[in-house]
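Reader: Could you walk me through this one? I'd like to begin with a helix and then move on to the aromatic side chains.

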Amino acid sequence: MGDIQLPDALLVTNYVEGDENALTTLINRHESKIFGFIYSKISDRDISNDIFQDTFIKVIRTLKSKSYNEEGKFLPWVMRIAHNLIIDHYRRNKKMPMFRETEEFSIFSIMSDDSLTIENKIIREQVEMDLKKLIEELPADQKEVLVMRMYQDMSFKEISEITGVSINTALGRMRYALMNMRKVIDKHQIILTN
């Protein structure tokens, strides 16, 4: 079975020319990486499976319509499709996963502390609600970068590639978003003194 070593680009070409097995080889080759990426953002196996299926439906559609032109860059292209479907999922469900600790927001370490007193738990829930409201009110471009960075753990390089703006623009939007969010956090200084 030497065909397993065919490069992605050649398998794509073979598939477009009618070799159905070529796609199976491509899916098998990249399945764990693509599924792992989706699962790391969604953390729900069933939804991740749905998004994985949808990703490949989109891949097949694009390849069948012969409008694929990312010569030799099959995996990043599929990842971009998967990522867009993940964003759609969050937009549809309007619910965001918890903030993960990142260099921008050490402030959120308090939110993962299970030893909080009852009062602090109530304060934490209030902060989360206020933040969600605030995120909804951010300008669309700031909100997009913030969500990708904070909730989806993407690098600014990835954000810039997906949104089509320069890394500096993405960084700037993040800075403005954080400045806006600081205002809410300042209302809850009490959380930081405990």
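Predicted model: local features only at pLDDT ≥ 70, side-chain atom pairs only at ≥ 80, totals over all residues.

Reader: Which residue caps the N-terminal end of α2?

Author: That is D19, which places a side-chain oxygen 3.0 Å from the backbone nitrogen of N21. Just after the helix, at S43, the backbone takes a positive phi of about 60°.

Reader: Switching to aromatics, how many aromatic pairs does a search of the whole structure find?

Author: The search finds four aromatic pairs. In one of them, the ring centres of F35 and F52 are 6.2 Å apart and the planes stand at 70°, so this pair counts as edge-to-face, the cut-off for that class being over 60 degrees.

Reader: Why does the pair of F35 and F52 tie together parts that are 17 residues apart in sequence?

Author: Because F35 belongs to helix α2, residues 20-42, whereas F52 belongs to helix α3, residues 45-64, the pair ties together parts that lie 17 residues apart in sequence. Both F35 and F52 are buried.

Reader: What about the rings of F52 and F56, how are they arranged?

Author: Their centres are 5.1 Å apart with the planes at 55°, so the pair is tilted. F52 and F56 both lie in helix α3, where four residues, about one turn of the helix, separate them, and both are buried.

Reader: Which residues do ring pairs link into a cluster?

Author: The cluster consists of F35, Y39, F52 and F56, linked by ring pairs.

Reader: Another arginine, then: is R173 buried or exposed?

Author: R173 has a relative accessible area of 19%, so it is buried, given that the cut-off is under 20%. Its place is in helix α8, residues 167-186.

Reader: What does R173 touch?

Author: Leaving aside residues up to four places away in sequence, R173 touches D141, Q142, V145 and V165.

Key:
Residues numbered from 1 in each chain as written. Heavy atoms only, no water. Phe/Tyr/Trp six-rings, centres within 6.5 Å; stacked < 30°, edge-to-face > 60°. Helix = DSSP H or I, 4+ residues; strand = E, 2+ residues; numbered from the N terminus. Buried < 20%, exposed > 50% of the residue type's maximum accessible area, 1.4 Å probe, protein only. Contact = heavy atoms within 4.5 Å. Polar contact = N/O pair within 3.5 Å; in protein donor to acceptor, adjacent residues only side chain to side chain.
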